[in-house]
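Thanks for coming. I will walk through one part of this model and then one single residue. Please have the sequence and the structure open.

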Amino acid sequence: GNSSSRRPRNFTRRPRQQHYMGAVMDGSENINKLTGAIIESAYTVHRRLGPGLLEHAYRRCLAYEIAKTGLKAAAEVPLALQYDELLVETAYRLDILVEDIVIVEVKAVEKVLPVHHAQLLTYMKLGAKPVGLFLNFNAKRLSEGMKRMVNDL
């Protein structure tokens, strides 16, 4: 369908088999295609905007750019936390969740710290998502501020 005309907020659960650009895929091939498309979108945003803006500007533009490719990109998705019998409904908000599979963490920081990568790994574990992309848009070259992380589910 033409999902680029819809707002990239709500998403629905899909079966494990995923559709991308009309092709049916599964497993790592699907994830590699997804992360590849997300990274291309990130390069487009970084090329057009450059470093120096606030994170929310990059987040909004990136979600929009991803949605233009036909992928479902939900921005600021609440992530719940179960702590014993206590449910914390919004323990965090995921910056962007793509196709209910890939968590994209958007930063615009001067220096990336180990805690930034650790946070993304925590979100991936809490959300039971297989892959995360960390993107620091404040980097002069986006490739220097990018890290792909895998969650051993």
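Strands β4 and β5 make a hairpin with three residues between them, and in the turn E99 has a positive phi of about 55°. Before going on, note that this is a predicted model, in which local features need pLDDT of at least 70, side-chain atom pairs count only at pLDDT 80 or more, and totals for chains, interfaces and linings use all residues. Residues are numbered from 1 along each chain as its sequence is written, and side-chain values use heavy atoms, with hydrogens and water left out.

Strands here are DSSP runs of E with at least two residues, helices are runs of H or I with at least four, and both are numbered from the N terminus. Two strands pair if DSSP finds at least two bridges between them.

β4 covers residues 86-98 and pairs with β5 in the antiparallel sense over three bridges. In that pairing, I96 stands opposite V104 of β5.

On to β6, residues 131-136: β5 and β6 run parallel, joined by six bridges. Here V106 is opposite L135.

How covered is β5? Six of its six residues, 102-107, are buried (under 20% relative accessible area, with a 1.4 Å probe and protein chains only). V102, V104 and V106 lie on one side, and I103, E105 and K107 on the other.

Last, A67, which is in helix α2, residues 55-68. A67 is buried, at a relative accessible area of 4%. From A67 to S41 is 26 residues in sequence and 9.4 Å in space, C-alpha to C-alpha.

Definitions and conventions: Buried < 20%, exposed > 50% of the residue type's maximum accessible area, 1.4 Å probe, protein only.
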